[in-house]
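Dear colleague,

I would be grateful if you could read the two side by side.

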Amino acid sequence: MIVVTGGAFQGKSTFIDNTLLKDRTDPLKVSGRTATFEDLTRADVAEDLQEWVRGLIVSCPTEERGTFIPRLMALADRLIAANPALIAEIPEMGCGVVPIDADERLQREAVGRLACRLAAESEAVYRLVMGVPRKIK
């Protein structure tokens, strides 16, 4: 697995396309906005994983949100096992004002924890700032 992170509009997708996928023909790219877990297990690239997490939170009953993070970590472990070659694009979140909305706070925490879990198991992690990639693992 490879994790690519950075702030919004910092060149993550361009880096993935021009560097990490340059020798692959017809890679399967899925968006976290529409992807199911099964889609992620088959993809070469998963973009906008924060949106996948948001979808999981929205579909989670309010009374079960207290156990959301452990269940997400279990899904992360299943994803790592099912698709160890995945390129995961996940933005940095949480570098600003803490949201008032509880669901937005949960999403920030969940995305951060997911990024940490994926990065810990990845062979490489890249962070992009102003279009410049830096390999941090």
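The term pLDDT denotes the predictor's confidence in each residue, on a scale from 0 to 100. The model is a predicted one, and the protein chain has an average pLDDT of 92. A score of at least 70 is reached by 99% of the residues. Among the elements of the protein chain, strand 4 (residues 87-89) has the highest mean pLDDT, at 97, whereas helix 5 has the lowest, at 91.

Helix 5, which covers residues 102-121, contains Q107. The relative accessibility of Q107 is 5%, so this residue counts as buried, the cut-off being under 20%. Apart from neighbours within four places in sequence, the residues in contact with Q107 are Q50, V53, R54, I57 and M93.

F9 lies in the loop between strand 1 (2-6) and helix 1 (12-20). Although F9 is not a glycine, its phi is positive, at about 60 degrees. With a relative accessible area of 83%, F9 is exposed.

D48 is located in the loop that runs between strand 3 (45-47) and helix 3 (49-59). Its phi is near 55 degrees, which is a positive value in a residue other than glycine. D48 has a relative accessibility of 21% and therefore counts as partly exposed, since that class lies between the limits of 20% and 50%.

With kind regards

Key:
Residues are numbered from 1 along each chain as its sequence is written. This is a predicted model: local features need pLDDT of at least 70, side-chain atom pairs count only at pLDDT 80 or more; totals for chains, interfaces and linings use all residues. Side-chain values use heavy atoms; hydrogens and water are left out. Helices (H or I, at least four residues) and strands (E, at least two) are DSSP runs, numbered from the N terminus. Buried means under 20% relative accessible area, exposed over 50%, partly exposed in between (1.4 Å probe, protein chains only). Contact means heavy atoms within 4.5 Å.
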